[in-house]
Structure formats: C-alpha cells, structure tokens
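Hello,

Here is the structure I promised to pass on. Please open it first and then read the notes below.

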Amino acid sequence: QVQLVESGGGLVQPGGSLRLSCAASGSIFRINVMGWYRQAPGKQRELVAAINSGGSTNYADSVKGRFTISRDNAKNTVYLQMNSLKPEDTAVYYCYAARSAIVSTTRVDYWGQGTQVTVSS
C-alpha cells in the first residue's frame with residue numbers, strides 16, 4: 001500500500017500564491033506518476049498536473065503558465081506551486097499516484113485525503 005499525505009492548502013486572495021505538498025510513504029516502489037486532481041463544488045474531478053519519475057510533466061490548459069509541478073524523488077514528495085490564483089481555482093485538491101510511467105495516464109491507484117484551496121477576497 002501507498003499512503004499520500006497532503007499539506008499546504010488554505011485561503012488566499014486572487015493573484016496570490018500557494019504551494020501544495022504531497023508526501024508518499026509505504027510501498028513507494030510501486031508508483032511512478034504523481035500529481036494533483038481538483039474538484040470544485042458541483043463539478044467533476046479534473047486533472048490539474050502530473051509528473052513522472054523522469055521529470056516529464058503534464059498540465060491542464062487552465063493552469064498552464066500559472067502552476068508548476070515538481071518532485072523530489074529522494075523525499076518521495078511532489079509539489080504544486082500555484083501562482084496568479086483565480087477564484088475559479090477554488091476546489092479540494094487531491095494528490096494521487098499511479099503505477100504507470102506515462103505522464104498523461106488517467107490511471108489512479110492511490111489518493112490522498114484532499115486539501116482545500118480557497119481563492120477569495
């Protein structure tokens with residue numbers, strides 16, 4: 001099993017920044033791709049960003065140029081730096097991990113518990 005623990009959510013004003021972290025533990029040899037989904041009230045969960053162990057990345061069009069995903073393989077931790085935040089970025093952000101090495105995969109094998117991000121003045 002793999003456990004994913006997120007941190008870094010909160011309330012921020014429009015135009016502000018937040019950094020989310022997700023630390024993996026357990027049978028981490030099973031996972032390759034890690035990333036983030038988000039779900040806003042009344043909406044479907046959507047992929048935000050993903051990164052594989054080689055550093056290849058994938059982003060949703062809505063966050064390109066504003067969000068940056070990175071990974072510290074030594075710490076088994078993935079980060080999501082979110083800049084120029086907008087009210088429409090408000091959602092619960094879920095870390096995930098997959099056994100696939102394909103960064104565009106829709107496969108999800110493990111979920112974190114989610115962290116709330118609220119962008120509001």
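A residue counts as buried when its relative accessible area is under 20%, and as partly exposed when that area is between this limit and 50%. Please keep in mind that this is a predicted model.

By that cut-off Tyr 37 is buried, because its relative accessibility is 11%. Tyr 96 is buried too, at 0%.

Next, the aromatic rings. There are four aromatic pairs in the structure.

Tyr 94 lies in strand S9 and Trp 111 in strand S10 (residues 110-111), 17 residues apart. Tyr 94 is buried at 15% relative accessibility, whereas Trp 111 is partly exposed at 38%. Ring pairs join Tyr 37, Tyr 94, Tyr 96 and Trp 111 into a cluster.

What sits over the ring of Tyr 94? The charged end of Arg 45 does, 3.8 Å from the ring centre. That charged end also sits over the ring of Trp 111, 4.5 Å from its centre.

Last, the strands. Strand S3 (residues 18-26) pairs with strand S1 (residues 2-7) in the antiparallel sense over six bridges, and Glu 6 is opposite Cys 22 there. S3 also pairs with strand S8 (residues 77-82), antiparallel and over six bridges; Ser 21 has Tyr 79 as its bridge partner in S8.

Regards

Notes: Residues are numbered from 1 along each chain as its sequence is written. This is a predicted model: local features need pLDDT of at least 70, side-chain atom pairs count only at pLDDT 80 or more; totals for chains, interfaces and linings use all residues. Side-chain values use heavy atoms; hydrogens and water are left out. Two strands pair if DSSP finds at least two bridges between them. Helices (H or I, at least four residues) and strands (E, at least two) are DSSP runs, numbered from the N terminus. Rings of Phe, Tyr and Trp (its six-membered ring) pair if their centres lie within 6.5 Å; planes under 30 degrees apart count as stacked, over 60 as edge-to-face and the rest as tilted. Buried means under 20% relative accessible area, exposed over 50%, partly exposed in between (1.4 Å probe, protein chains only). A charge sits over a ring if NZ of Lys or CZ of Arg is within 6 Å of the ring centre and within 35 degrees of the ring normal.
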